[in-house]
Amino acid sequence: MKDAEEALPGASWAGGPHAELTEAVIGAAIRVQRALGPGLLESAYEAYMAHELCLGGHRVERQVELGLTYRGLLIPQAFRLDLLVDDLVVVELKVAQAFTDAHKAQILSYLRFSNKPVGLLLNFGVYPMANHGIRRFVL
């Protein structure tokens, strides 16, 4: 599988998998950040993102635990997805000065092991978020 990454500004996601849904999630993130500003804990942004998306009619699961098996050893809670929207899009939230390679590796691992094709990496530490705080990944 080849992974693709798109970043704002200027990214065109028309025709990509779940483009309308990812645009709705990005819109919700921008609204939350505009209302609350930077500087909160990741858990606060997570709660407000879930609330904003639910208000928009989406089904949102928070802190989704997923297991991982390696050579016969199952770790039932190997990792947690911050948000899973409509059982289709994995959303990983950060509050950092910038994305790192570790953040990108994390979302790609989450996509691979959850068998979800699309993920969003959203950084509430970059203000405004539309300037280098949004990444979309497709497997």
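**The whole chain**

Begin with the complete chain in a cartoon view, and keep in mind that what is on the screen is a predicted model. The secondary structure comes to three helices and six strands, and read from the N terminus on, the order of these elements is β-α-α-β-β-β-α-β-β. If the view is coloured by burial, 40% of the 139 residues of the protein count as buried. Of the contacts in the protein with a separation of 6 or more, 57% are accounted for by residues 24 or more positions apart.

**The two helices α1 and α2**

Select residues 19-36, which are helix α1, together with residues 42-55, which are helix α2. Two packed helices are described by the angle between their axes and the distance between the axes. Here the angle is about 125° and the axes are 9 Å apart; α1 and α2 are therefore oblique to each other.

Now show the side chains where the two helices touch. On the α1 side, select Ala24, Val25, Ala28, Ala29, Arg31, Val32 and Leu36, which meet Tyr45, Tyr48, Met49, Glu52 and Leu53 on the α2 side. The residues of this contact divide into ten nonpolar, no polar and two charged.

**The aromatic rings around Phe79**

The next stop concerns aromatic side chains, and the structure holds three aromatic pairs. A pair of aromatic rings is described by the distance of the centres and the angle of the planes. Select phenylalanine 79 and tyrosine 110, whose rings are stacked, at 4.9 Å centre to centre and with 10° between the planes. This pair links distant parts of the chain, since phenylalanine 79 belongs to strand β3 (residues 73-85) and tyrosine 110 to helix α3 (residues 101-114), 31 residues apart. Phenylalanine 79 is buried, with a relative accessible area of 9%, and tyrosine 110, at 10% relative accessibility, counts as buried too.

Phenylalanine 79 lies in strand β3 and phenylalanine 113 in helix α3, so the pair ties together parts that are 34 residues apart in sequence. Phenylalanine 113 counts as partly exposed, at 35% relative accessibility. With the three side chains shown together, Phe79, Tyr110 and Phe113 form one aromatic cluster.

**Leucine 68**

Leucine 68 is partly exposed, with a relative accessible area of 28%. Leaving aside its neighbours within four places in sequence, leucine 68 is in contact with Leu73, Leu74, Ile75, Ala78 and Phe113. To see how the chain comes back to this place, draw a C-alpha to C-alpha distance from leucine 68 to serine 114: the two are 46 residues apart in sequence and 9.5 Å apart in space.

**Histidine 103**

Return to helix α3 and select histidine 103, which lies in that helix. Histidine 103 is buried, with a relative accessible area of 13%. Apart from neighbours within four places in sequence, histidine 103 is in contact with Lys94, Ala96, Ala98 and Leu121.

In strand β2, select glutamine 63, which has a positive phi of about 50° although it is not a glycine; at 30% relative accessibility, glutamine 63 counts as partly exposed. Aspartate 87, in the loop between β3 and β4 (89-94), likewise has a positive phi in a residue other than glycine, near 55°. At 33% relative accessibility, aspartate 87 counts as partly exposed.

Finally, select tyrosine 127 and proline 128, where the peptide bond from the tyrosine to the proline is cis, with omega near -5°. Proline 128 is found in the loop between β5 (118-123) and β6 (134-138).

Methods. Residues are numbered from 1 along each chain as its sequence is written. This is a predicted model: local features need pLDDT of at least 70, side-chain atom pairs count only at pLDDT 80 or more; totals for chains, interfaces and linings use all residues. Side-chain values use heavy atoms; hydrogens and water are left out. Axes are lines fitted to C-alpha atoms, for helices over the stretch in contact, and angles run from 0 to 180 degrees between N-to-C directions. Helices (H or I, at least four residues) and strands (E, at least two) are DSSP runs, numbered from the N terminus. Angles under 35 degrees count as roughly parallel, over 145 as roughly antiparallel, 65 to 115 as roughly perpendicular and the rest as oblique. Contact means heavy atoms within 4.5 Å. Ala, Val, Leu, Ile, Met, Phe, Trp, Tyr, Cys and Pro count as nonpolar, Asp, Glu, Lys and Arg as charged, and the others, Gly among them, as polar. Rings of Phe, Tyr and Trp (its six-membered ring) pair if their centres lie within 6.5 Å; planes under 30 degrees apart count as stacked, over 60 as edge-to-face and the rest as tilted. Buried means under 20% relative accessible area, exposed over 50%, partly exposed in between (1.4 Å probe, protein chains only).
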